[in-house]
Amino acid sequence: MTRIIGVGNYIPSETITNLFFDKHIFLNEEGVLLKDNNASITEKLKKITGIEERRYAKSTQVTSDLGLKAAQAAIENAGIDPETLDYIIFAHNFGDVRFGTIQSDMVPSLAARVKHLLGIRNNFCVAYDVLFGCPGWIEGIIQANAFIKAGIAKRCLVIGAETLSRVADIHDRDSMIYADGAGAAVLEMNSDDDSGIKSHLSASYTFTEKDYLYFGKSYNNEHCPDTKYIKMDGRKIYEFALVHVPDAMKKCLDSSGYSIHQLNKIIIHQANEKMDEAIVNRFYQLYNTPTPEHIMPMVIHKLGNSSVATIPSLLAMILKGELEDHEIKKNDIVLFASVGAGMNINAFVYQF
């Protein structure tokens, strides 16, 4: 089985509280000023999403810089020589967007940039990017697992990093959800014990769900009309996630061979606290079982939604003992799950 031998993350130093948005001019889709004042808007956001603060990258940093720091931390935690890596898989969605610009830079790939900055000379260490919405890091883990199980690779580095603050419309209240960050993990074949990836699942819903998350114009019709920003249909995403994510989680857990009562933690992508709570509650309802306390660690309150970085960053915090009331012990069973642009859903079950 494939096991995680090292984790790392990078939490940007710029703390952005809800007061940061006090002077923003929030508009609706028609460009009309919202009726509520900004204090009411931010309070409503906090009540629904749980977000009090989020982190932004420094103006001198781009996504690959954040990814590099998380990668270095994971490599150090694993205690390996980076030259022994067979694959570097970098999950993101918008490339490097420099502060104050409107252009995304993805050539060369962000994985290639990180490999270069790590100083790796091994030409057979393959570096490539994954664009899969917020579930991108999990998808990278699933791909690395496939490479390792197939004998194509012995050791892989999977990075998830994003600077959503660079692609958010300042006139859209949804912009308050987005954050920046990075997380990474090193994986290799395990021949020592039973720890590792036990099952996984991926799905793409595109027939009618493709545009639930998309790139669209600013709500300010006079502001850079040709510049596109991340947009979402929050209601449709909520309804989609509540219907499909619990079912996917159940299918993945059932295929692992473990029972619901053996599950110790659920590490789920965090874009909305209420949505995640509803997903997990519905998941347990599928087993006619009450939701245990402390089953789902949350960091959205202070870190916001950093897309692909959320899950690996959270995992690193738990394993390093940085999250109060949460720990992962030897032999614990953890279910990872995510949902995002595509619409994509994925999950994997892991025994530590």
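This is a predicted model: local features need pLDDT of at least 70, side-chain atom pairs count only at pLDDT 80 or more; totals for chains, interfaces and linings use all residues.
Reader: Where do I start with a sheet?

Author: Start with how strands pair. Strands of a sheet pair through backbone hydrogen bonds, either parallel or antiparallel. Here four strands form an open sheet in the order 10-15-14-13. The pairing is mixed.

Reader: Which strands stand at the edges?

Author: Strand 10 (196–204) and strand 13 (263–268) do. Each has a single partner strand, so one side of each is left without a neighbour in the sheet. Neighbouring strands are turned by 15 degrees against each other on average, direction ignored.

Reader: How many bridges join strand 14 to strand 15, and do they run parallel or antiparallel?

Author: Eight bridges join strand 14 (residues 333–340) to strand 15 (residues 344–351). The two run antiparallel. Find two pairs on screen. Val334 has Tyr350 as its bridge partner in strand 15. Ser338 stands opposite Asn346, also in strand 15.

Reader: What should I look at in the hairpin of strand 14 and strand 15?

Author: Look at Gly342. The hairpin has three residues between the strands, and Gly342 takes a positive phi near 155 degrees.

Reader: And how does strand 13 pair with strand 14?

Author: Strand 13 and strand 14 run parallel, joined by five bridges. For a landmark, take Leu263, which stands opposite Ile333 in strand 14.

Reader: Is strand 14 buried or exposed?

Author: Use the cut-off: buried means under 20% relative accessible area. Eight of the eight residues of strand 14 are buried, so this strand is largely enclosed by the rest of the structure. Check each face in turn. Ile333, Leu335, Ala337 and Val339 are buried on one side. Val334, Phe336, Ser338 and Gly340 are buried on the other.

Reader: Which helices lie across strand 14?

Author: Take helix 5 and helix 6. Helix 5 (residues 234–256) lies across strand 10, strand 13, strand 14 and strand 15. Its angle to strand 15 is about 35 degrees. Helix 6 (residues 273–285) lies across strand 13 and strand 14. Helix 6 runs at about 145 degrees to strand 13.

Reader: Now the surface. Which residues form a nonpolar patch there?

Author: Met106, Val107 and Leu131 do. Together they have about 300 Å² of accessible area.

Reader: Where does Met106 lie, and why does it count as partly exposed?

Author: Met106 is in the loop between strand 6 (104–105) and helix 3 (110–118). Met106 has 32% relative accessibility, so it counts as partly exposed.

Technical notes: Residues are numbered from 1 along each chain as its sequence is written. Side-chain values use heavy atoms; hydrogens and water are left out. Two strands pair if DSSP finds at least two bridges between them. Axes are lines fitted to C-alpha atoms, for helices over the stretch in contact, and angles run from 0 to 180 degrees between N-to-C directions. Contact means heavy atoms within 4.5 Å. Patches are made of residues with over 30% relative accessible area and no salt bridge: like charges are joined within 9 Å, nonpolar side chains (Val, Leu, Ile, Met, Phe, Trp, Tyr) within 5 Å. Accessible areas come from the Shrake-Rupley method with a 1.4 Å probe; for residues, only the protein chains shown count as cover. A salt bridge is a side-chain nitrogen of Lys or Arg within 4 Å of a carboxyl oxygen of Asp or Glu. Buried means under 20% relative accessible area, exposed over 50%, partly exposed in between (1.4 Å probe, protein chains only).
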